Amino acid sequence: TANARVEEVEGRLNSFITGTPELALERAARVDERLRRGEEVRPWECVPIAIKDVLSTRGVRTTCGSRILENFEPVYEASALANFGPDPIMVGKANMDEFAMGSSTENSAYGPTRNPWDLSRVPGGSSGGSAAAVAAGEGWWALGTDTGGSVRQPAAFCGLVGLKPTYGRVSRYGLIAFASSLDQIGPMTRDVRDAALLLQAIAGHDPRDSTSADVEVPDYLSSLESGVEGLRIGIVRELTEAEGVEEAVREISLRTARSLEEAGAEVGEVSLPHASYGLPAYYIIAPAEVSSNLARYDGVRYGLRVPADGVHEMYRRTRARGFGDEVKRRIMLGTYALSAGYYEAYYGQAQKVRTKIIEDFRKAFTRYDVLLSPTCPTTAFELGEKVDDPLAMYANDICSIPASLAGIPAISIPGGTSRGLPVGVQLMGDYFSEPTLLRAARAAE
Ligand code: GLN
């Protein structure tokens, strides 16, 4: 049925860069066969999944939304998929902003994805293809990645649940790097229970990722229904009142807080004094890491090569043709911020701000178990509305970035609608507190 749905709506949505309907059918048949033989098959192995095209899939083209990887076929599978058994029922590789840089999926080299709720609007980004696919029923659930909000914001724009796990909870091995100190893979699902189940499938220690945490994976489903009696929830003042937060979005966030209070939680207000500096700090740190991570696309080892006389000219032409504008902008910003004479003023300062934000959260978590804010200031915006104005696009990440910089888990849940468009509410928790976060999200659902 996922395949039939893809056929029906894909022409209008463009959720996938590469559809894999035959592969999905073949693999589903093999899982079926295993079930018939009485072999153990875990629940998540039976569910058709959309996979963001930033995750390496063996033998299946993985473009990262970029021309530079147009014909790239990885020789191994991302570790996050290891628990899916030999045959993840993958319906396709989902569209995304090039190298996950963006908030609207308009930076894809393969055309934008449209929001199933309103085709004139963006699905969010960078995991916009994953979000649209699930919202439109082209896959039951999806994997996205979140560096500064790319799972949570598209989930919010498409009326889904999106979870960014604690940094280190899910292996990044086989995830094509954007900003390595921030990147995390996360579930995008229709409800909180599915998010818990999908997290169960992808979480765990992996020696092949040096930042992967050797922390036991709890049973995310067992405490899901225990309610929020006595849970302390803090509404983050700076993020709820942040510049550009629409009135309706604020209202819906506060309404979600009230419903948690009615369910037995203690609700108060909390301040994260440095949270609003997260946005500028992120837009130094992430590009700095980009300028280093993307140096590998030189036409020698991966993907596109534009031939030329001399190796430097070959690099130049390959990168000029292979990368889109936003990627080039970030490489230049990052190279500048890291260059001698500017390093302390930009990168050094941004790292200090990052530490301040971590300290703000540490303090807040001595008084509260879960923090609440909008996921992003607005509902889904129109295609073309912000694409020529990078600063306006970046500003959409103001509420999601602090949790990314701190490496704490954060989930976006649908809180309601404003003018027919979904509004996401964000819950943030302390390191490895996903069970509490999921439980609170479930109670607010
Ligand atoms: N919108 C943010 C950016 O462009 C976040 C992207 C992401 O989380 N991958 O960097």
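**A covered helix and its surroundings**

Helix α5, spanning residues 192-202, is mostly covered, with nine of its 11 residues buried. Helices (H or I, at least four residues) and strands (E, at least two) are DSSP runs, numbered from the N terminus. A residue counts as buried if 20 or more other C-beta atoms lie within 10 Å of its own, exposed if 12 or fewer, and partly exposed in between, with C-beta atoms placed from the backbone. The model is a predicted one: local features need pLDDT of at least 70, side-chain atom pairs count only at pLDDT 80 or more, and totals for chains, interfaces and linings use all residues. Residues are numbered from 1 along each chain as its sequence is written.

The buried residues of α5 include Val192, Ala195, Leu198 and Ile202. Among the elements that cover the buried residues of α5 are the strands β4 (141-146), β5 (161-164), β6 (184-189) and β10 (410-418), together with helix α14 (434-444). After α5 comes Gly204, which has a positive phi, near 145°.

In the protein as a whole there are 14 helices and 11 strands. Its radius of gyration, taken over C-alpha atoms, is 21 Å, close to the 22 Å that the globule rule gives for 445 residues, so the protein is as compact as a globular protein of that length; the rule is 2.2 Å times the number of residues to the power 0.38. Buried residues account for 57% of the 445 residues. Along its principal axes, the C-alpha trace spans about 70 × 65 × 45 Å.

Definitions and conventions. Two residues are in contact if their C-beta atoms, placed from the backbone, lie within 7 Å.
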